[in-house]
Amino acid sequence: MSLSILLWGIPQAMRVAARIYPEYAARLKERDLVAQIKMRDEPDVGRWIQLDKGKITTGGGIHSNPDVTIAFKNRALAKSFLTPPFDQLERIDAAKNFKLLLEGPDDLSVWFLQTLGQLESVYWKSGTDMGNGVTRYTNGTNGGPLFVYVKDGKILRTTPVDLEDEDGGQWTIEARGKKFSPPRRMTLAAHGACQKSMVYSKDRLLYPMKRVDFDPDGDRNPQNRGISEFERISWEEATDIVASEIKRARAVGPGAVAVDHGSHHQWGNLGHYLCAFNRFWNLIGVTKLMHSPDSWEGWFWGAMHHWGNSARLGCPEFYGTVEDCLKEAEMIVFWSSDPDTTYGFEGAQRREWARELGIKMVHIDPYLNHTAAHLGGKWIAPKPQTDAALAMAICHVWITEDLYDTSFVADRTTGFDEWKAYILGESDGDAKTPEWQEPETGVPARDVRALAREWGTRKTYLGAGSWGAGVGGACRGPTGMQWARMMAILGAMQGHGRPGYNFGNLQFGAPVDHNFYFPGYAEGGFSGDLAFSANSANNYQRMPHIVTMGTVRQSIPRMWFPEAITQGKSFGYITDVTTTGGQFFPFGYPSPGHVPVEMLYKYGSQLFGTMVGGNRWAKAYQHPSLKFIVNQSIWNEGETPFSDVILPACTVFEKWDIGETFNCGPGYVHHFYTMNNHRIITMQHKCIEPLGESKSDYDIFAAVSEKLGLGAVYTEGGTSELAWVKRVFDSSDMADHISWRQFLKKGYWVVPAENENSRVPLANNWYYEGRKKDTPDPYPLPSDYSGNYLEGLPTPSGKFEFIATGLEKIEDPDRPPLCEYMPTYEDPARNPELADYPLKLQTGHTRYAYHVMGDNTDGSLADIREHRVFKDGHYYLVARMNPQDAQARGIEDDDLIRLWNQRGSVVCAAQVTGRLQPGVVAAYSGSAQYRPTGEPGRSTDLGGCVNMLNTKEPITKKGHGMKPNSVLIEVEKWTGADDWQPTAETV
Amino acid sequence: MAEKWNLIVDVARCDNCRLCFLAVKDEYVGNDFPGISAAQPADQQHTWLDIQRKERGAYPILEARFIPVMCNHCDDAPCMKAAEGGAVRKRADGIVIIDPDKAKGQKKIMQACPYHAIYWNEEKDIPQAWPFDAHLLDEGWTRTRAEQACPMDVYRTIKVNDEEMRRIQAEENLEVLRPELGTNPRVYYKNLHRITACFVGGTVVEQVDGVEECAAGAQVVLTQNGQEVGQATTDLFGEFTIDRLEPRSGSYRLQVTGPSGSFSTEFELGDESPYLGVMTLSAG
């Protein structure tokens with residue numbers, strides 16, 4: 001087709017679309033402009049299009065005064081650009097190599113390009129008509145996929161996704177004469193099932209706002225953050241302030257703008273912080289708050305040095321373990337393992353099969369956790385954070401009674417003789433017998449012997465941590481490194497990887513297809529961020545898009561952000577998961593050649609509830625050195641008012657996105673989706689219009705970009721969110737199986753089941769058998785092997801190391817190469833100064849919310865009395881305690897109680913329960929609410945931020961990780977009168 | 001005989017995940033279904049599907065169980081008898097509906113429910129209860145939202161005639177809440193004893209070469225008035241439980257016998273499930 005016809009076709013197509021679709025006609029009325037399309041090598045060739053109140057006029061040739069100009073290098077490029085099917089790689093090439101130039105004001109240019117883009121998308125149809133004016137859409141959440149029923153522009157209901165006969169993905173495991181296949185449905189976690197109540201929560205931020213006593217041109221009153229009220233402003237004013245503050249701060253020097261996001265975000269590959277957020281800030285250049293491997297601490301800083309697995313943050317593989325466990329295992333030891341909490345119920349269904357097969361269950365946890373309560377079996381309750389002593393006594397029984405895998409130990413490990421000498425007490429005079437551990441752990445020696453003998457003679461799976469293969473639980477506590485190291489050592493002594501002996505609790509390792517490509521969120525969507533996401537693994541090749549890269553080389557360890565602000569400096573260790581030694585690199589703030597932070601851009605999150613020693617944050621947010629704080633959030637959570645300007649983001653139900661349930665991606669728990677019984681990819685439909693004046697994160701960043709002349713760069717030439725979704729779809733293997741239009745209508749697609757013969761090999765079996773690594777894991781990188789590629793482990797010796805010689809390089813007193821027993825740091829029996837605080841507080845991952853997500857003041861999770869209790873007009877977080885401790889303090893169920901120590905004071909609602917031993921109190925961390933009774937940071941919190949009681953000290957001296965469990969506190973009935981003041985770890 | 005709706009709830013499968021609770025909130029908060037129910041207030045007091053907790057025993061033998069409790073859609077519903085002007089009606093399919101218009105101001109409808117499954121909506125001045133998702137069943141749904149949401153298969157929503165339901169009840173040993181009231185609920189429970197009955201548990205140990213060990217495989221026999229009422233074998237940790245004992249059912253004698261000796265004790269059963277502690281087998 002000739003170029004002139006192609007150009008002529010553009011305004012014709014716009015007229016047709018406007019005639020058919022009122023929304024397109026309405027869009028054409030949004031802006032009046034003249035757009036010129038021309039060739040750089042043929043100055044007279046082109047076509048102009050004029051929009052005037054929605055009316056289109058057009059002409060061939062060159063307009064005398066265009067607002068926007070699109071200039072192709074030559075005729076051939078223009079023809080190729082305008083002739084379907086479009087080649088994305090060619091478009092990217094033209095844009096980044098200056099073959100295609102865009103001139104004119106950024107906002108008009110972006111608007112015009114998006115208007116052209118909609119010539120395609122305006123014809124697309126979404127959702128399934130259910131009759132009676134109801135349309136069923138789909139969406140994705142951190143708690144699983146949803147059907148979303150919408151009527152009259154309002155969400156009527158949300159339900160789990162039940163699979164249809166035509167959906168694939170079904171598999172069968174044959175074990176001991178029985179056949180097991182998963183139910184034809186997807187399940188949800190509670191924080192996925194509460195979403196409708198979250199969308200319509202009164203906590204929603206619906207308008208841009210400014211603190212009443214914040215004047216960017218005058219007095220900024222930073223000391224009143226968290227105290228003063230906010231007033232509504234327009235988006236125009238809000239984005240003006242934000243853009244001008246970014247400009248002002250950047251002029252001060254590199255690093256003056258700091259940004260921070262939560263550890264998680266709303267589900268979806270595009271809205272995720274690793275995408276929309278990273279792309280924008282790479283264009284600005286910012287100081288990042290460096291996260292530590294929260295929830296992986298003991299594995300990352302400790303266990304990793306025995307066996308590698310750095311890209312799994314030190315946790316073991318989990319491939320194929322569902323099938324092996326069901327076929328072979330006779331016992332599962334759940335050690336600090338509560339998979340029924342937080343991550344939904346896909347694995348819970350599989351654990352029912354284990355119960356049906358008569359596999360014995362043992363649960364080791366100071367709390368009779370939810371999984372233990374549900375499954376039943378033996379409950380062993382060590383005193384908090386003494387687990388390593390119990391584990392060492394198990395080693396003692398195995399060694400003295402010859403109940404370990406001697407050939408694996410001889411052939412595949414190093415350092416066992418030294419380890420054995422330590423366990424037998426030959427090197428330090430203390431034999432680590434069951435009797436030795438009894439006074440420390442409170443676990444009867446006879447129970448340890450019974451467990452060790454059963455474990456040493458029967459095929460046993462070790463479910464270590466929430467997922468059975470790491471994460472959460474005891475690894476997060478003060479002795480978390482010892483615990484995780486002991487889990488690795490117990491595994492090695494029984495030859496993990498031998499059929500029937502492995503890590504897992506049936507939560508991970510379902511026999512799904514591990515090779516079918518759909519990008520996990522950690523692949524960064526359209527971020528173009530090769531440095532701080534897993535983009536380079538597949539996404540960058542699969543979905544051509546333009547690379548982005550920030551130029552600022554400064555970061556702050558997130559745990560010590562308050563000190564960085566109030567004291568002007570901070571120091572930590574990098575979380576680099578590409579190699580075991582990546583964690584040995586220190587970094588400091590400020591960085592050479594950079595300036596202190598002046599401006600902070602907060603993106604969601606509620607650090608009062610999630611960070612240790614949370615009271616420190618209040619003072620940091622109020623510090624005068626922070627001249628400007630923006631908070632871009634969906635809900636008005638505890639820390640949102642500690643800012644100057646609030647930008648209201650919308651939920652995932654009010655924008656377009658796409659994602660696969662529980663698919664994170666390389667470096668962020670690779671093959672996480674094996675937690676699911678079916679791999680399911682969901683279209684995340686824009687189910688309803690954004691509430692109030694809220695906007696998607698992408699649209700907010702695009703609006704600010706336009707004020708900084710970065711709009712066309714940020715949006716890659718006006719790409720809409722829906723167009724990005726299409727590009728993700730096209731980049732995946734899904735496009736070979738279902739058309740875009742079908743997918744958009746149906747809303748989900750289930751990945752076909754793996755053929756039984758090509759199922760993934762069993763985790764760790766390659767190492768057990770002495771084969772080359774054959775599990776589908778991109779790590780270790782070739783350069784990380786000390787021997788031949790794919791042979792052995794990435795440790796100095798290439799073998800499992802009972803004595804972690806890699807730790808000799810760091811000389812950290814908290815983690816000597818030999819995992820010796822070190823009691824927990826806070827113990828009134830050892831330190832009389834702590835006698836006022838006789839109770840140990842456990843602050844584990846919350847059962848119903850997802851960290852702070854879902855914990856709104858009026859969401860449906862708040863109505864769960866196991867989560868919060870409504871009293872005196874507020875919903876108080878539940879804290880559990882033993883009847884004996886409660887009685888001693890005159891406390892009964894639902895009483896308001898105050899938990900406090902030197903660092904924090906928090907009011908909760910009591911639940912008196914036998915599920916904890918005397919001396920132990922448990923309250924889940926992750927409150928979205930912060931309600932200080934008086935001065936923020938220096939008074940009692942009614943919101944439930946129990947992490948305030950935890951120490952800011954790191955889990956290991958030469959590391960950057962928290963140790964939030966097992967802190968000493970006292971509890972009393974709340975009187976309503978607050979005279980508490982922090983006496984330690986203030987800023 | 002007409003087919004009617006019934007709900008079967010298996011207490012032993014409940015994980016307290018609360019997905020059924022949240023599904024009911026999702027369905028009714030903010031949604032009016034004319035003729036069936038007015039919108040539920042977003043409020044902790046309105047637990048149309050309530051989950052109640054029950055702990056039995058003590059460390060180390062402790063059970064934490066949960067039971068979903070909701071409107072029983074009784075065939076002889078006390079709320080119907082208390083209602084005026086036909087404010088509560090029984091549908092032909094067995095479902096009891098509290099009419100959101102006609103029930104206005106009638107607090108005694110709420111007060112009449114012996115299961116405390118009717119809630120008062122202060123704002124609208126009406127009694128409200130879970131209407132068995134009647135509006136969805138009428139649209140062709142075959143399950144309640146609670147059943148659909150439950151990952152553990154606690155619920156079975158079934159439409160059968162009453163004779164068939166009696167057969168299923170007998171076959172599966174189903175119970176109803178407080179049968180002595182004669183309300184004839186249409187919500188049936190499986191494994192209800194895990195909430196309502198007591199167990200007795202203990203830990204049996206023995207001395208082996210001067211070292212205390214768990215006594216696995218010991219035989220435990222429970223008798224009352226000389227009659228055997230239960231038995232168990234200790235597990236590898238020497239632990240045992242004997243379940244399905246009636247609370248406050250008098251005194252019992254427990255006899256444990258193992259290769260290294262025996263142990264016996266007596267106890268009086270109260271309201272709670274006793275953990276009898278550590279029992280050391282001794283010869284003679």
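Visitor: Start with chain B. Of its contacts between residues at least 6 apart in sequence, what share joins residues at least 24 apart?
Guide: 58% of them. A contact means C-beta atoms, placed from the backbone, within 7 Å. This is a predicted model: local features need pLDDT of at least 70, side-chain atom pairs count only at pLDDT 80 or more, and totals for chains, interfaces and linings use all residues. Residues are numbered from 1 along each chain as its sequence is written, with chains lettered from A and ligands numbered from 1 in the order written.

Visitor: How many helices and strands in chain B?
Guide: Seven helices and 17 strands. Both are DSSP runs, numbered from the N terminus: helices are H or I with at least four residues, strands E with at least two.

Visitor: Now chain A. What's the strand order in the open sheet of eight?
Guide: β13-β12-β27-β26-β25-β14-β15-β22, with mixed pairing. Strands pair if DSSP finds at least two bridges between them.

Visitor: Why is one side of β13 and β22 left without a neighbour in the sheet?
Guide: β13 (230-232) and β22 (555-557) of chain A are at the edges, each with a single partner strand, so one side of each has no neighbour in the sheet.

Visitor: And β14 with β15, how many bridges?
Guide: Two, and the strands run parallel: residues 257-261 and 287-290 of chain A. V259(A) sits opposite K288(A) in β15(A).

Visitor: Which strands does helix α9 touch?
Guide: α9 (residues 273-284) of chain A packs on the sheet and touches β14 and β25 of chain A. Its direction makes about 175 degrees with that of β14(A). Axes are lines fitted to C-alpha atoms, for helices over the stretch in contact, and angles run from 0 to 180 degrees between N-to-C directions.

Note on methods:
Contact = placed C-beta atoms within 7 Å.
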